[in-house]
Amino acid sequence: MSYRRVLSSLAGLAAAALALPAFTAAPAQSAAAPATSTPASIAAYAGSPQHAAATKAFYDAVMKSARAKQAKAGTKLAAVTVTYAVDAPSFASLISSSTQIWNSSVSNVMLVEGSNYDFYYTEGNDPRGSYASTDGHGRGYIFLDHAQAQQYDPLRIPAHETGHVLGLPDHYSGPCSELMSGGGPGPSCTNPNPDATERARVDQLWANGFTTR
């Protein structure tokens, strides 16, 4: 993502691809994160195959967890519920607003805060900026960087990262109207909403409670 730098090691990515069911223990901060962010690192947006692999592993983990819970319920729902937890108090209101944006934008998946969660949000300072990744055990989380939120629109960051939860990849070269262009358009871009193409893609991925990847 344009807001994150890949955290998972290659071993972590391999484990993440196996995607374990939802976990219920309290969220933990990402390990060994550097203490400060730098303007240069915050402004740098460079995609890579590793970046794309981490994003896909994250989405696969969340999807598998959500579908497992739905299968256990024994019901094919019109919309899949994806549950999240918040271990990022500084961003709590922004995460709530991001959730409202996505829930009003798509029909086949709904984000709900709860205890039996499929992924979680956490926060801190990291030169890689904000990112969506896995913890190496098939569990998804979104890391939100403090310094980055002071330079870029603070609502666009969690909204963009949440797009990865729903299966959207980064598109750094896109215009500001594309949420998944992230920081590509620069700090002046304040759009926190997915465009029509992004909304349609999410609904396609989560159609009738099942993916159509």
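I began by looking up the secondary structure of this predicted model, and I noted seven helices and five strands in the protein. Reading from the N terminus on, I wrote down the order of the elements as α-α-α-β-α-β-β-β-β-α-α-α.

I then turned to the protein as a whole, where I found that buried residues make up 51% of the 213 residues. For the accessible surface I noted a total of about 8,800 Å², with 59% of it belonging to carbon and sulfur atoms. When I looked up the contacts between residues at least 6 apart in sequence, I saw that 72% of them join residues at least 24 apart.

My next entry concerns Y59, which I located in helix α3, the stretch of residues 49-73.

My last entry is about D195, which I found in the loop between α6 (156-165) and α7 (196-205). I noted that D195 is buried and yet has no salt bridge, and that R199, the nearest side chain of opposite charge, is 6.1 Å away. What I did find is that a polar atom of the D195 side chain lies 3.2 Å from the backbone nitrogen of T197. Leaving aside residues up to four places away in sequence, I recorded that D195 touches S177 and E178.

Notes. Residues are numbered from 1 along each chain as its sequence is written. This is a predicted model: local features need pLDDT of at least 70, side-chain atom pairs count only at pLDDT 80 or more; totals for chains, interfaces and linings use all residues. Side-chain values use heavy atoms; hydrogens and water are left out. Helices (H or I, at least four residues) and strands (E, at least two) are DSSP runs, numbered from the N terminus. Buried means under 20% relative accessible area, exposed over 50%, partly exposed in between (1.4 Å probe, protein chains only). Contact means heavy atoms within 4.5 Å. Accessible areas come from the Shrake-Rupley method with a 1.4 Å probe; for residues, only the protein chains shown count as cover. Lys and Arg count as positive and Asp and Glu as negative; His and the chain ends are not counted. A salt bridge is a side-chain nitrogen of Lys or Arg within 4 Å of a carboxyl oxygen of Asp or Glu. A polar contact is a pair of N or O atoms within 3.5 Å; within protein, one must be able to donate a hydrogen and the other to accept it, and residues adjacent in sequence count only if both atoms are side-chain atoms.
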